[in-house]
Amino acid sequence: MARGKRVARRLGAWICFADESGISLRPARARTWARRGNTPIVTVAGRGGRKLSLAGIVAYRDGHQPRIIYRTMVHRGRKGEPKGFGEDHFTELLDATHQHLDAPIILLWDGLPQHKSAKMRALIAARPWLRVYRLPGYAPELNPVENMWSSLKRGMANLAPGGIDDLLRIAKNRLKRMQYRPTLAYGFLATSGLAPP
């Protein structure tokens, strides 16, 4: 991480952390209040095969407010439909992030197979404004985006969306709220034990 900070300072670049996650129609369970003897029961429409895939970037730069950039992908269980983010989808997210930040990017992400593939290496090499470093294996606690997903899912616990479109709307609404709270992005970084650039 220290090496990435030095390179970012020299290039005037943003330090960006990236990660992906997924949410299904089956809500996470959380504790709640109810009258004694009346256990709250929520019925859900958790049909199999439908899920919401999320890819997000949290960007930090000295002297600037942190930014949260994300993309969503709905998988409805149809034949031939992508089940998650592939190399092309990650590249679109990185290009959009570069356009939004208008500066070089130092990217830190995990060892997902799509991040290490030959196709992704070629796509990264074609972008001179991008430098990529891998986070250590089995250390999700070092990635602030993991904390963002945790916060999102905790906020959606015990929520029973009517369908995949409701789930998409709710997730986008919660993520958009996070985008307008820069102190939350600093909190994600602090929770990971890393200091701001």
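Q: Leaving aside its neighbours within four places in sequence, which residues is Ser21 in contact with?
A: In this predicted model, Ser21 is in contact with Leu52, Ser53, Leu54, Trp149 and Lys153, apart from its neighbours within four places in sequence. Contact is a matter of heavy atoms within 4.5 Å.

Q: Why is Ser21 called buried?
A: Its relative accessible area is 17%. The cut-off for buried is under 20%, so Ser21 is buried. This residue lies in strand β1.

Q: How far apart are the C-alpha atoms of Ser21 and Trp149?
A: They are separated by 7.0 Å, although the two residues are 128 residues apart along the chain. Trp149 is also among the contacts of Ser21.

Q: What separation is there between the C-alpha atoms of Val132 and Ser21?
A: The separation is 20 Å, for two residues that are 111 residues apart along the chain.

Q: What makes Val132 count as partly exposed?
A: Val132 has 27% relative accessibility. Buried would need a value under 20% and exposed a value over 50%. The value of Val132 falls in between, and therefore the residue counts as partly exposed.

Q: Where is Val132 found, and in which element?
A: Val132 is found in strand β5, which covers residues 130-134. Beyond its neighbours within four places in sequence, Val132 is in contact with Leu107, Trp109 and Ile124.

Q: How do you know whether Thr91 is buried or exposed?
A: The relative accessibility of Thr91 is 8%. With the cut-off for buried at under 20%, Thr91 therefore counts as buried. The residue is found in helix α2, residues 87-101. Setting aside neighbours within four places in sequence, Thr91 is in contact with Met120, Leu123 and Arg127.

Q: Why is Ser192 called buried?
A: Ser192 has a relative accessible area of 7%. That value is under 20%, so the residue is buried. Its place is in the segment after α7.

Q: Which residues does Ser192 touch, not counting residues up to four places away in sequence?
A: Ser192 touches Glu141, Leu142, Asn143, Pro144 and Asn147.

Q: What is the phi of Asp102?
A: Phi of Asp102 is positive, at about 55 degrees, although the residue is not a glycine. Most residues other than glycine have a negative phi.

Q: What makes Asp102 exposed?
A: Its relative accessible area is 67%. Exposed means over 50%, so Asp102 is exposed. The residue has its place in the loop between α2 and β4.

Q: How do you know whether Tyr138 is buried or exposed?
A: Tyr138 has 87% relative accessibility. The cut-off for exposed is over 50%, and therefore Tyr138 counts as exposed. Tyr138 lies in the loop between β5 and α5. Its phi is near 55 degrees, a positive value in a residue other than glycine.

Q: What pattern does the chain follow along the sequence?
A: The chain follows α-β-β-β-α-β-α-α-β-α-α-α. That makes seven helices and five strands.

Q: Why does the radius of gyration of the chain agree with a compact globule?
A: For 197 residues, a compact globule would have a radius of gyration near 16 Å. The chain has 18 Å, which agrees. Along the principal axes, its C-alpha atoms fill a box of roughly 60 × 40 × 30 Å.

Q: What share of the contacts in the chain with a separation of 6 or more comes from residues 24 or more positions apart?
A: Such residues account for 74% of those contacts.

Q: How much of the chain counts as buried?
A: Of the 197 residues, 41% count as buried. The chain exposes about 11,500 Å², and carbon and sulfur atoms supply 50% of that area.

Q: Which residues in the largest nonpolar core touch the most other members?
A: They are Phe17, Met148, Leu152 and Leu175, in a core of 34 residues. Among the elements that give two or more residues to this core are β1 (14-24), α5 (144-155) and α6 (164-179). Helix α6 gives the most, with seven residues. A second, separate core has 22 residues, including Met73, Phe85, Ile105 and Ile124.

Q: How far apart are the mean positions of the positive and negative charges of the chain?
A: The mean positions of the 34 positive and 14 negative charges are 6 Å apart.

Key. Residues numbered from 1 in each chain as written. Predicted model: local features only at pLDDT ≥ 70, side-chain atom pairs only at ≥ 80, totals over all residues. Heavy atoms only, no water. Helix = DSSP H or I, 4+ residues; strand = E, 2+ residues; numbered from the N terminus. Rg over C-alpha atoms; globule rule 2.2 N^0.38 Å. Buried < 20%, exposed > 50% of the residue type's maximum accessible area, 1.4 Å probe, protein only. Areas by Shrake-Rupley, 256 points an atom, 1.4 Å probe, with all protein chains shown as cover. Lys, Arg positive; Asp, Glu negative; His and termini not counted. Charge placed at Lys NZ, Arg CZ, Asp CG, Glu CD. Core = buried A, V, L, I, M, F, W, Y, C linked by side-chain atoms within 4.5 Å.
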